[in-house]
Amino acid sequence: MLWKTSWIHHFNSGLPKIGSRATKCWPISRPASIKQLARHWSNVPFLTVPPRRTPGKPFAHRSELKQAKRIVVKLGSAVVTRGDECGLALGRLASIVEQVSILQNQGREMMIVTSGAVAFGKQRLRHEILLSQSVRQALHSGQNQLKDMTVPVLEARACAAAGQSGLMALYEAMFTQYSICAAQILVTNLDFHDEQKRRNLSSTLHELLRMNIVPIINTNDAVVPPPEPNSDLQGVISIKDNDSLAARLAVEMRADMLIVLSDVEGLFDSPPGLDDAKLIDTFYPGDQQSITFGTKSRVGLGGMEAKVKAALWALQGGTSVVIASGTHPKVTGHVINDIVEGKKIGTFFSEVKPAGPTIEQQAEMARTDGRVLASLQPDQRADIIHRLADLLTDHRDEILKANEKDMEKAVTLGRLSQPLLKRLSLTTAKLNSLAIGLHQIAASTQDSVGRLIRRTRVAKGLDLEQITVPIGVLLVIFESRPDCLPQVSALAIASGNGLLLKGGKEATLSNHILYHLTQEALSMHGVKDAVHLVSTREEVEDLCRLNKLIDLIIPRGSPQLVRDIQKASKGIPVLGHSEGICHVYVDSDANIEKAIKIVRDSKCDYPAACNAMETLLIHRDLLRTPFFDQIIDMLRVEQVKIHAGPKFASYLTFSPSEVKSLRTEYGDLECCIEVVENVQDAIGHIHKYSSSHTDAIITENEETAEYFMQHVDSACVFWNASTRFSDGYRFGLGAEVGISTSRIHARGPVGLEGLLTTKWLLRGEGQTVSDFAEQGSMSYIHENIPVPQRT
């Protein structure tokens, strides 16, 4: 935004140059286009703010923060001031004003408790003193000796007196850019402890909010006495710092939420500078004993201990609190909006402590027991998987009963499409197939963790080995399909990985019983916590931020889910495909019976699957032939809706509806038909419109088929076979965690091999790199040693 640059220029040298526009306010009404402008100013989604809720009870979960109507934002000294503590951090301040303006224009009631008057005043007074000294010295000595000047220590109250007007002028100028009026209120302890003054303050604030004005509150540091230790009154928090002021104000005004912005990400269990310090996502009253507080911020009166005390006081008074960073460069521009959206930012204070472990604790337990799991003998891991397969059979009736309840609820709510309902459904046949697949996975454990891939004799007495090892902790997010849970669990067990599972709400009961059966199987060898079902209220986007706890995310669901996860992932690799746009090319040398059979299966067997055909490519020579007519008749009998590609439509006088996009995954009994000139044209079409998932050719010409298979750059390429074969179970992998269209590190159906990585083992006899230098006594051999085959 260009206006930010101009205001920074004006404020770097002192007071702002406010023109007539900067002093204009819209206290009661604004132009109708303001909300539209708010959308343009920010990427934050435009929300409909709920009516003001009944105050007195704080929100129990982050997801409820979206309901906050009245919000107090406290800006700490470290947020508002520059690193040299002399002057304001104008870029950060402009971003905060923008976020507050967006929320205000959405219909929320915003209040700001700000620091910064002392820092702004210090900047102005230093400038005045230096200017005064330079003039005196010039008169006295005839030359300017600025380099020898020293600035005296400035008294804080004098700085506050000099900076308050300029700070407020800056806020007013910035808020005016969003057609919002701001009003300054300076307070002291007496304004809260004197009953009449307290009522007057409350009345003023309510009137400002009614007029849609943003109150900007600060302690009157020009007259306030120095804080006295232990001066808090019983049951009343003292206004000795802005944290206390913000908490008292939030409770007094019955605010829904207090956002405290500081120079740290939130509350840590120990001082943030320590290596083992962990950010606390949610803090509960009574947890203070588990916290070791560090020193105070570089500026300001209150440290983290004061913030926690103020936050707990506000929580007790009915206001939800979040402490977060207002200085982190990656989140500053949207931290307030993210908090209001319920995203996992900073530390959230809640009175409701969950019964189970947090997602962070689950991830840590999964890593710990995952390492134990990887250290088990292959036969032991196989025993666990065999046991899980047997439990699926033994508890079939219970599983189907739970699934039936999920199905009934889904049908009643009417939120799932027919393809998703089919995925949600479990049957005896599905459970039997699951059990068979799990036994296959169990058999493959012998050749998984610790498998020797390569041996090299680097030099005499220096041998190098490369072996397979687990990736670490996997997060698998899946929709609708509860059969995914035992499949993925078995693959994680076989590969020695810790596993977090996040299923959809539509399959809650099915997932619950399948998860407990998985834990029962894991208990055989004491690794129950290697697999966890995430049942807390975390949003998927929050899970994707846990890059220090999760090593790989695998989405199993709709293309939109995959795209959302790929977008939300912060530093965690995502293995998956965003779309399943699969092609079947019918060549001029195709066999009619094979073609009809393969096209029917590819499209109609399970149209919701990602490996179902979406586009049928027809060689031009087949048009207007009985061959082509039979294919069309078959699709019509199967009730497949046909869309015509541009070339196909040009051949017809009366054609089906022309396709809107050749990159469409229908996921239903629909497909596109397009005409191509030859195999090269078919390959070109696939490379342009395919998602590189699975593509097939139907032909009796071996040379054409081999050309197609060698040149199509997709994860799976078939000759005279249905695209539906693109599946881990059908490939003999036992099951799959997903089908990957990426090129790193696994591609196609991802089974056990795709959940392994490698590490290098070097065994020596005291060698050093200097031994191999030009004057050294040793030389490299780099001799390949045959790898013994496992029996």
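Biologist: How are helix H14 and helix H16 oriented to each other?

Modeller: In this predicted model, local features need pLDDT of at least 70 and side-chain atom pairs count only at pLDDT 80 or more, while totals for chains, interfaces and linings use all residues. Residues are numbered from 1 along each chain as its sequence is written, and side-chain values use heavy atoms, leaving out hydrogens and water. The axes (lines fitted to C-alpha atoms, for helices over the stretch in contact, with angles from 0 to 180 degrees between N-to-C directions) of H14, residues 396-413, and H16, residues 428-443, come within 11 Å and cross at roughly 125 degrees. Angles under 35 degrees count as roughly parallel, over 145 as roughly antiparallel, 65 to 115 as roughly perpendicular and the rest as oblique, so the term for H14 and H16 is oblique.

Biologist: How many charged residues does the contact of H14 with H16 have?

Modeller: Arg-396, Ile-399 and Leu-400 in H14 meet Thr-428, Leu-431 and Asn-432 in H16, contact meaning heavy atoms within 4.5 Å. Asp, Glu, Lys and Arg count as charged, Ala, Val, Leu, Ile, Met, Phe, Trp, Tyr, Cys and Pro as nonpolar, and the others, Gly among them, as polar. With three nonpolar and two polar residues in the contact, the charged number is one.

Biologist: Is H13 roughly parallel or roughly antiparallel to H17?

Modeller: The axes of H13, residues 378-394, and H17, residues 484-495, come within 9 Å and cross at roughly 165 degrees. That angle makes the pair roughly antiparallel.

Biologist: Which residue in E7 stands opposite Ile-259?

Modeller: Strand E5, residues 257-262, runs parallel to E7, residues 320-325, and six bridges join them. Opposite Ile-259 stands Val-322.

Biologist: What is the relative accessible area of His-61?

Modeller: His-61 is found in the loop between helix H2 and strand E1, and its C-alpha atom is separated by 9.6 Å from that of Lys-353, 292 residues apart along the chain. Buried means under 20% relative accessible area, exposed over 50% and partly exposed in between, with a 1.4 Å probe and protein chains only. His-61 is partly exposed, its value being 26%.

Conventions
Helix = DSSP H or I, 4+ residues; strand = E, 2+ residues; numbered from the N terminus. Pairing = 2+ DSSP bridges.
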